[in-house]
Structures are given as structure tokens and as C-alpha cells.
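Have the model open while you read.

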Amino acid sequence: MALLEPGSEGRAYLLKERIHDRAQLVAAIESVAAGGSVLDSKIVEPLVAANLRVERSPLAALTGREREVLAEIAKGKSNAAIADTLVLTKRAVEKHINSIFLKLNLAFAEDVSKRVKATLLFLANPDSAPLA
């Protein structure tokens with residue numbers, strides 16, 4: 001994705017098995033030289049699939065700060081420890097957690113541990129921020 005952030009014009013990405021085909025390699029070079037782009041379909045398909053997963057994820061509704069709080073919950077931290085780490089009041093952390101539970105449809109769940117379920121959702125998302 002970093003390759004495509006500034007746009008796809010003038011860029012190419014071919015897998016090793018493609019560059020052995022001289023005709024494909026020459027065509028890719030000519031295309032890029034003309035301002036076009038060439039991206040191997042084996043690269044594009046997983047990127048599109050990952051983008052769809054992110055859009056469909058319940059985590060997509062969370063704000064950046066809520067994702068930070070959820071990442072700290074996933075590390076097993078208490079509300080007080082989260083407040084210290086993120087330089088928030090304990091009450092602010094509680095509000096963020098309540099909002100997270102609402103957005104993840106866990107606010108009224110009585111049959112599961114909300115913190116554990118939210119953590120599992122966070123960790124199941126391959127695009128979640130890595131835990132330090």
C-alpha cells in the first residue's frame with residue numbers, strides 16, 4: 001500500500017516469477033516509461049481483500065483514540081494504567097471504553113466479558129495496530 005500512496009502512475013511491481021518472462025518484463029518497463037503502471041494481480045487481489053476486511057470490520061467505527069484505548073485493553077492494562085499510558089483521566093478512559101463497547105455491540109452483552117470480546121475482535125483484525 002505504501003507503494004501506491006502517492007498514486008500508481010509510473011510504478012510497477014512484478015513478482016519474481018513474472019520477471020523471468022522477458023516479454024512481460026519489457027512490456028512492464030515500457031508501460032512505466034510511458035507513465036503507466038503495472039501491478040501484478042497476485043499483489044492487487046490481497047490488497048483489495050484487506051481493504052474490504054477493514055471497511056467491514058466493526059473496528060472501522062472506532063476513533064483513533066478509541067483504537068489506542070482498545071490496544072491498551074488488549075495488553076491487559078487496567079483503566080488506571082491506560083489513563084497513565086495515554087495521559088488521560090480515569091473517567092475519560094471509562095468514557096472511551098463505554099463508547100468502544102457501544103460501537104462493537106457489546107454494551108448490553110451479559111453473556112461475555114466485554115473486555116475479552118473487544119480484545120478478541122481487535123486481535124482478529126489483521127490491520128489492528130501492533131501491540132508493543
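## Ground rules

Axes here are lines fitted to C-alpha atoms, for helices over the stretch in contact, and angles run from 0 to 180 degrees between N-to-C directions. Helices (H or I, at least four residues) and strands (E, at least two) are DSSP runs, numbered from the N terminus.

This is a predicted model: local features need pLDDT of at least 70, side-chain atom pairs count only at pLDDT 80 or more, and totals for chains, interfaces and linings use all residues. Residues are numbered from 1 along each chain as its sequence is written, and side-chain values use heavy atoms, with hydrogens and water left out.

## Overall layout

The protein has 7 helices and 2 strands, running β-α-α-β-α-α-α-α-α from the N terminus. Of its 132 residues, 25% count as buried (under 20% relative accessible area, 1.4 Å probe, protein chains only).

## α4 against α6

The axes of α4 (residues 64-74) and α6 come within 10 Å and cross at roughly 95°. That makes the two helices roughly perpendicular (65 to 115 degrees). On the α4 side, R65, E66, V69, L70 and I73 make the contact (heavy atoms within 4.5 Å), and α6 brings H96, I97, S99, I100 and K103.

## α5 against α6

With α5 (residues 79-86) and α6 (residues 90-103), the axes come within 8 Å and cross at roughly 105°, so this pair is roughly perpendicular. Here N79, I82 and A83 of α5 meet K90, V93, E94 and I97 of α6.

Technical notes
Angles under 35 degrees count as roughly parallel, over 145 as roughly antiparallel, 65 to 115 as roughly perpendicular and the rest as oblique. Buried means under 20% relative accessible area, exposed over 50%, partly exposed in between (1.4 Å probe, protein chains only).
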